[in-house]
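Subject: Structure handover

Hello,

Here is the structure I promised to pass on. Please open it first, then read the notes below.

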Amino acid sequence: MFVAVDLFPGDRLMERSRSALGFFVVDMPAIESDDVADIQVTRDRSVESQRAAASIWARATARRDSLLVPAPVEEKLPGIRHRLSTDAGSLHVAHLRGEAAGFALVVAHESVLELLYLAVAPEAWGAGVGSSLLAYVDNLARVAGVNSLELWVIDDNERAVQVYERSGWKPTEDLRISTGRLERRLVKELSRGLD
């Protein structure tokens, strides 16, 4: 599957990859589900996509933490909007069968791409959305000329840790407490060329 990603003016992450057409194409592996549907990931800062990401984040964290009711979208939106308030932050939404099913929010630093948030709607767990988003983030880093990636994950979130490790992320000894939970830093080094 090929995904066309629109670039926005002032996008630090992609300024080195800007083509004359104003977009670049990322080769993404097609993921088959029961309906043989492609997962398509696009960069989108729209209010609608921010709300979809906040809803996915609320539902995924509620399922992860065994909560009966997800947090309201309005509770999750400020975190997403704060990270998008600089040119370095970008939101990437995965669609499965035409519906928003997951998202990644990344921030480009000088020599590393930081994955701040990655969430998949619980109804799409196991469909390859998380793995597709991680492959997409790898390609974003490569196109931007960045070979190092990092993220922080809740240390006892076994499902997430397994997805990251299957995608080549390595745990470090770096730990921190964030919102009352122990988090571990994971890193990934990419090869110089496209595989």
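**The S8-S9 hairpin**

In the hairpin of S8 and S9, 2 residues lie between the strands, and Thr179 takes a positive phi near 45 degrees. Strands (E, at least two residues) and helices (H or I, at least four) are DSSP runs, numbered from the N terminus. S8 and S9 run antiparallel and are joined by 6 bridges. Two strands pair if DSSP finds at least two bridges between them. Leu175 has Arg184 in S9 as its bridge partner.

A word on the basis. This is a predicted model, in which local features need pLDDT of at least 70 and side-chain atom pairs count only at pLDDT 80 or more, while totals for chains, interfaces and linings use all residues. Residues are numbered from 1 along each chain as its sequence is written, and side-chain values use heavy atoms, with hydrogens and water left out.

S7 and S9 run antiparallel, joined by 7 bridges. Ile154 stands opposite Glu183 in S9. S4 (89-96) and S5 (99-108) also run antiparallel, with 8 bridges. Leu96 stands opposite Glu99 in S5.

**The largest pocket**

The largest pocket holds about 1,200 Å³ of space. Of its 43 lining residues, the closest to the centre are Thr61, Arg64, Leu118, Asn157 and Tyr164. A pocket is an open set of points on a 1 Å grid over the protein atoms alone, where a 1.4 Å probe fits, with protein on both sides within 12 Å along at least five of seven lines; lining residues have an atom within 4 Å of a point. The volume is the space filled by probe spheres set on the points, which are joined across faces, edges and corners. S6 gives the largest share of the lining, 7 residues.

Best wishes
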